[in-house]
Every structure is written in structure tokens, then in C-alpha cells.
Amino acid sequence: MHAIVVTEPGGPEVLEWREVPDPRPGPGELVIEVAAAGLNRADLLQRKGHYPPPPGASPVLGLECSGVVGEVGENVVGFAPGDEVCALLAGGGYAEKVAVPWEQVLPVPEGVSPVDAAALPEVACTVWSNVFMAARLRRGETLLVHGGGGGIGTFAIQLAKALGSRVAATTGGPEKVARCRELGADQVIDYREEDFATLVTADVILDVMGAKYLGANLSALNTGGRLAVIGLQGGTRGELDLGMLTAKRATVLGTRLRDRPVAEKGAIVRGVRDNVWPLVAGGAVRPVVHTIVPMEDAARAHRLMESGSHIGKVLLAR
């Protein structure tokens with residue numbers, strides 16, 4: 001089979017479409033014949049040499065994919081060859097085939113194309129596990145989403161609205177501001193022109209910036225608020241006002257999805273299937289796909305994502 005291989009750490013030009021050995025399903029695994037793979041910021045970091053795959057994971061980029069089940073190993077439950085599926089991966093999505101534990105596999109939701117389904121697993125699992133499982137966002141509370149125009153942001157806006165929360169979002173530029181509003185955000189703040197900490201208070205904040213926003217996030221939290229840090233685009237080290245933290249009885253959560261054990265990922269995936277997939281099938285939440293690029297042209301897709309001009313997900317399709 002062929003896969004996108006990182007020849008050495010560097011820019012998008014180091015991505016090459018090469019022949020590699022076919023994956024075989026181990027016990028509890030199935031092999032997906034990939035139709036499409038979703039891009040994530042972690043892919044850019046791994047390409048640059050800053051985010052190595054967990055032990056035992058494929059060195060091939062790609063944390064989510066969609067396609068058709070090709071082979072099934074021993075002890076796989078609920079899937080058979082020919083099933084249309086999408087999956088949360090620890091790596092390996094930029095390829096013609098990938099092996100994955102069955103617990104991390106989902107059926108393609110009704111009404112979603114087999115290609116567009118590749119836009120769902122990583123964002124759905126990230127938002128569900130952080131906003132609803134860890135930070136416990138409840139109906140009637142306010143969620144603040146940073147990076148509202150990105151893949152995670154566009155999904156979080158829709159899901160929180162569908163489950164009865166008020167949603168505020170930060171993003172950059174009038175086109176992204178308008179798109180966030182179209183997706184259901186009640187309040188959208190253009191971070192290039194406004195200070196979100198003076199304009200919004202929230203019960204839960206989903207943050208991809210890290211250190212740069214730490215103080216402002218704490219200021220924006222309501223009493224009893226929960227800050228879920230899932231990205232470090234704004235740095236890894238910052239100062240935290242512990243007096244404000246304790247006065248607000250606030251919680252700061254730091255989580256990462258990729259290197260969790262299969263059992264933990266499986267629990268998240270089950271939660272997504274039970275609670276999120278019906279909303280997708282019903283049309284309340286939909287994948288937001290900016291563009292679809294041929295998989296062998298992954299370098300162009302990476303350049304697009306690095307430019308920050310996309311809204312929603314960038315996909316690689318076979």
C-alpha cells in the first residue's frame with residue numbers, strides 16, 4: 001500500500017507518498033481501507049518533529065479517518081468487512097489502509113458522506129471528552145470556545161448549542177466571525193480587535209492557546225467555572241493568579257487525547273456514539289469541511305492549514 005511518509009522533520013515538502021508495508025489486524029483490531037483522513041494541528045507538530053507518536057503507534061501521520069472495513073482480527077465486536085466506518089487513531093490515517101482497535105471505530109452517521117465522515121472522529125471525541133465529560137457543561141450554562149473557526153471550534157459551537165448551552169466564540173476576521181454565527185454562536189469576538197476577557201463570562205472555556213490566554217481565561221470564568229486546556233499554540237508556561245482561582249472556586253483541566261489507553265478512548269467513543277451521533281444523524285450537528293485535497297498532495301493541505309485561512313476541517317481523500 002501507499003502512505004504519506006515524513007522523510008525528515010521539516011516543512012510540508014518533507015511529506016512523500018511512498019510504498020509501505022500493509023497493516024495487519026492484531027487481536028481486537030480491524031483494518032480500514034481509507035477513503036479520507038482529517039488534518040489536525042498535531043499532524044503539523046509531528047511533521048516538524050515536535051510531537052512523536054505514542055509507543056506502538058504508526059509513525060504515519062493522521063489521527064482520524066473514514067473508509068470501509070477490510071479485515072477483522074480476533075475478538076472484534078460489532079464490525080464486519082464492508083461496513084462504512086470512521087475512526088479515532090493514534091496515527092496512520094494518511095494511508096490507503098490503517099489498523100485500529102475496534103473500540104475506537106464508529107459507524108458513518110446517517111446522512112454524512114463516507115468522505116466527510118473523516119472530519120468527525122477527532123473533533124467529536126475531543127469536544128465530548130473535554131467539554132461534557134471532564135468540564136461537565138450543563139444545559140443553560142455558557143461555553144466559550146477559542147478558535148471558533150477551526151475544526152474543533154466549529155464542532156463545539158454546534159454541539160453545545162444542540163445540547164442547550166449558550167455559546168461564545170473567539171476567532172479572527174469577518175468571514176470566520178460570520179461563520180461562527182451561522183453555526184449558532186450567540187456571541188462572537190474577533191480577537192484581532194477585541195479583548196474577550198472584558199466582553200464575556202463563561203462557565204466552561206475550551207482553550208487551544210495555553211499560556212497566552214491563561215490569565216484572561218481565568219478572568220472570564222464564572223464562579224465555579226472550568227477551564228479545559230487542550231492546545232498550546234500560545235505557549236506552554238504562564239502565570240496563574242491562585243487568589244482569583246480559589247476565590248472563583250474554579251478548575252483548570254489539562255488533557256490530551258492521543259496517548260490515552262485504548263480503554264479510555266473506547267469509553268469516549270461510546271459516549272460520542274450514544275450522545276453525539278444521533279444529533280449528527282438528525283442534522284443538528286454537521287461536519288464543516290473547508291476543502292478536500294488528494295492524499296498524495298498532503299503538502300498542499302498542510303500549507304493551507306498553516307496559513308490559518310481555513311474554516312472547519314481540511315481533508316485528504318484517496
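**Cores and aromatic pairs**

The largest nonpolar core has 44 residues, and F155, L159, V272 and W277 have the most contacts inside it. A nonpolar core here is a set of buried Ala, Val, Leu, Ile, Met, Phe, Trp, Tyr and Cys residues joined through side-chain atoms within 4.5 Å; buried means under 20% relative accessible area, with a 1.4 Å probe and protein chains only. Helix α2 gives the largest share of this core, 7 residues. A second, separate core of 32 residues includes A37, V60, A87 and A301. In soluble globular proteins, nonpolar side chains tend to be buried together.

This is a predicted model, in which local features need pLDDT of at least 70 and side-chain atom pairs count only at pLDDT 80 or more, while totals for chains, interfaces and linings use all residues. Residues are numbered from 1 along each chain as its sequence is written, and side-chain values use heavy atoms, leaving out hydrogens and water.

Next come the aromatic rings. Rings of Phe, Tyr and Trp (its six-membered ring) pair if their centres lie within 6.5 Å; planes under 30 degrees apart count as stacked, over 60 as edge-to-face and the rest as tilted. By this rule there are 2 aromatic pairs. W128 and F132 are stacked, 5.2 Å centre to centre with 20 degrees between the planes. Because they are 4 residues apart in helix α2 (residues 121-134), about one helical turn separates W128 and F132. Both W128 and F132 are buried. The pair of F196 and Y213 is tilted, with 5.1 Å between centres and 50 degrees between the planes. F196 and Y213 are also buried.

Notes: Helix = DSSP H or I, 4+ residues; strand = E, 2+ residues; numbered from the N terminus. Buried < 20%, exposed > 50% of the residue type's maximum accessible area, 1.4 Å probe, protein only.
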